[in-house]
Amino acid sequence: MIALNNISARTFSRLGQRGAIFGIAACEAAKEDSKFILLTADLAQLSGMDRFVGMFPEQFVNAGIAEQNMLGMTAGLSVEGYHPVASTYATFLSMRGCEQMRHYFGYMHLKAVLIGSGAGFSQGYSGNTHYTIEDLSIVRAIPNLIVLSPADAGAAVLLFCEALKSDSAVYMRLTGGLNSPIIYKEDRQFRIGGSVKLREGPDVAILVTGTVVDSALKAAEILGNDGISASVTDIYSIKPIDKQRILEIASSSKALFTVEEHSTIGGLGGAVSEVLAKNGNMPKLVRLGIRDNFDLAGSYESLIRQNRLTPELIAQDIRKNI
Amino acid sequence: MNINEIKIFAKQLRLDALELAFKGGKNGAHLGGGLSTVEIFAVLYGGILNIDPKNPKDENRDRLVVSKGHCVIAYYPALYHKGFLTKEDLDSFETDGSAFHAHALRNIWNGIEFSGGSLSLGISFAVGQALACKKKGLTNRVYVIVGDGECDEGLVWESAMAASQYMLNNLTVIVDCNGLQYDGKTADVMNNAPLSERFRAFGFDSCDVDGHDCSLLIEALSKKSDKPICVVAHTVKGKGVSFMENRREWHHHVLTEEQYKQAVEEVTGNDRIE
């Protein structure tokens, strides 16, 4: 199937998480599986599905601008033995389609891969209707759903392949745009429920998810220059979450910091708090992420800066809170 | 079943529905919208549906999606008489830990294709099922029962649009058009009539039929078309029991012993008159 190496990592990165999944991985999956079926709600072209539509027109369903019915059709196809993947913007998937996700894939426990793209602030000047800052909190509360959040396009492709094998429905949160930073350059197993420690450091621990993993690694470098040694762990599986790793890290660090391009309420920070809360005598946890507010629209960079998610500001906030 | 047997079956279902509601005790039951669907279930399970309880996962079976999930007092007894449910299943209605509560729970071994309860999710699911059956080259049909009040939901129309776009001529939408919803007459709360014309405008081959006339229902449900089909079955909420008919307070209600006895008498009495 698909291997991750120096070359493919660069290709995936150019396409971004969404383009790599729909332009390459979905086509590979459909070649091997005649029951693979791709659905969207009028975002085929934008999502980079044109190649797929050309190659597998019979395995493609456009629901039109009707996210709820896209999910109903996804459920009906799933129950009949198809292997559906449905995608639209994360904001519409997680909120317009929230009850459908709960009913068909949570309550009825049907299988499907549900991909919310353009999460976080990647939609820039489109404004808050298009930003997705609360999908992890919403989706995480639904029983039977698996929630994944890849750090780069290569990880997105490998996690997508993992998701296709899952016995439960998977919600994948895609962040970043084209030419997204590369974190992983070689093949590895992205186990559902796992995490990857990308950098060691005994002083403080950074737990991070999505494309801001790159910023967290840069923040750790900045802190290193100041003599503060920070570990960085990619929590790509939000639910189930790697409790064992989080507790290990917590027991050996002076302070924990979660970093996410998502509200600090109920997302990665919430999930990590829940893990720590059960165990007494834990180091302090500071949740860095999007403040509880609707910002005025702006460029991706300006929104990230306003929410203190640039490497420099992450490093500053960590230093301040040790 | 022949037409007379189907009529007898319908009477039996109506009595079973009352018994189930009475056994539900103080939990109450959705009597009004259950009794309005009796003939629809009788006709479907009496012959329209190609299903076999000995082979519930048969790929070629017809699918019935009960999108209007709150009509279980007619649905469960129909499944019982067809051999999908046991007497124990039926007797466990609305008891703690039972799978048989006020809205059916998907279980293919019980012949239940869909978990009902949240209106309009079933018709959207049925569109996906019909699309899948077409893609697989099956010659079966997917039937879905919706309520007229349910048609207030936007998703019903998203689904109807897609059914027509994907030319799902293997799909039949049956509207239990009983003219009442929780808060009153559908015409007063949110007038979505005329539903047959609205479905026709969405690309369906649609018709109106007396939803308590088994012969007319059979005729309408046996029809084939090159379009998706919609049968608007005009029914009476609480049908068969004088003090329930067209009374919105019987949407969900508790049946006292006295009321139960009277209801049974009326239903069996009607039988004698016919």
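**Note on a predicted two-chain model**

1. Strand S3 (residues 171–177) of chain B and strand S7 (residues 229–234) of chain B are joined by six bridges and run parallel. One residue of this pairing is Val173(B), whose bridge partner in S7(B) is Cys230(B). The model is predicted, and the points below should be read with that in mind.

2. The two strands belong to an open sheet of five strands in chain B, ordered S1-S2-S3-S7-S6 and paired in the parallel sense. At the edges stand strand S1 (63–66) and strand S6 (205–210) of chain B; each has a single partner strand, so one side of each has no neighbour in the sheet. From one strand to the next, the twist averages 20°.

3. Chain A is the next topic. Its assigned parts are domain 1 (6–173) and domain 2 (196–321). How far apart are the centres of domain 1 of chain A and domain 2 of chain A, taken over C-alpha atoms? The separation is 26 Å. Where the two domains touch, domain 1 of chain A contributes 23 residues and domain 2 of chain A contributes 25 residues.

4. On the domain 1 side of that contact in chain A, at least two residues each come from helix H6 (135–140), strand S5 (146–148) and helix H7 (153–164) of chain A. Sorted by class, the side of domain 1 of chain A that touches domain 2 of chain A holds twelve nonpolar, seven polar and four charged residues.

5. Chain A also has an open sheet of five strands, here with mixed pairing, in the order S7-S9-S8-S11-S12. Its edge strands are strand S7 (196–202) and strand S12 (284–290) of chain A, and each pairs on one side only. The twist in this sheet averages 20° from one strand to the next. Strand S11 (residues 255–263) of chain A runs parallel to S12(A), with six bridges between them. Within this pair, Ala255(A) lies opposite Lys284(A) in S12(A).

6. Which strands does helix H8 (residues 213–225) of chain A touch as it packs on the sheet? They are S7, strand S8 (204–208), strand S9 (230–234) and S11 of chain A. The direction of H8(A) makes about 170° with that of S9(A). Helix H9 (residues 243–251) of chain A packs on the sheet as well, touching S8, S9 and S11 of chain A. For H9(A), the angle to the direction of S9(A) is about 175°.

7. The largest nonpolar core has 196 residues, and the members that touch the most others are Leu114(A), Ile206(A) and Ala216(A). Helix H1 (residues 6–32) of chain A gives the most to this core, namely eleven residues. Domain 1 (6–173) and domain 2 (196–321) of chain A each supply at least three residues to this core. Leaving aside residues up to four places away in sequence, Ala216(A) touches Ile206(A), Val208(A), Val232(A), Val259(A) and Ile314(A). As background, nonpolar side chains tend to be buried together in soluble globular proteins.

8. The last point is the contact between the chains, which takes 18 residues from chain B and 19 residues from chain A. On the side of chain B that touches chain A, the elements giving two or more residues are helix H6 (121–135) and helix H7 (154–165) of chain B. H6(B) provides the largest share of that side, ten residues. By class, the side of chain B that touches chain A comprises nine nonpolar, six polar and three charged residues.

How values were computed
Residues are numbered from 1 along each chain as its sequence is written. Chains are lettered from A and ligands numbered from 1 in the order in which they are written. This is a predicted model: local features need pLDDT of at least 70, side-chain atom pairs count only at pLDDT 80 or more; totals for chains, interfaces and linings use all residues. Two residues are in contact if their C-beta atoms, placed from the backbone, lie within 7 Å. Helices (H or I, at least four residues) and strands (E, at least two) are DSSP runs, numbered from the N terminus. Ala, Val, Leu, Ile, Met, Phe, Trp, Tyr, Cys and Pro count as nonpolar, Asp, Glu, Lys and Arg as charged, and the others, Gly among them, as polar. A nonpolar core is a set of buried Ala, Val, Leu, Ile, Met, Phe, Trp, Tyr and Cys residues joined through C-beta atoms within 7 Å. A residue is buried if 20 or more other C-beta atoms lie within 10 Å of its own, exposed if 12 or fewer, and partly exposed in between; C-beta atoms are placed from the backbone. Domain bounds come from an automatic or database domain assignment. Two strands pair if DSSP finds at least two bridges between them. Axes are lines fitted to C-alpha atoms, for helices over the stretch in contact, and angles run from 0 to 180 degrees between N-to-C directions.
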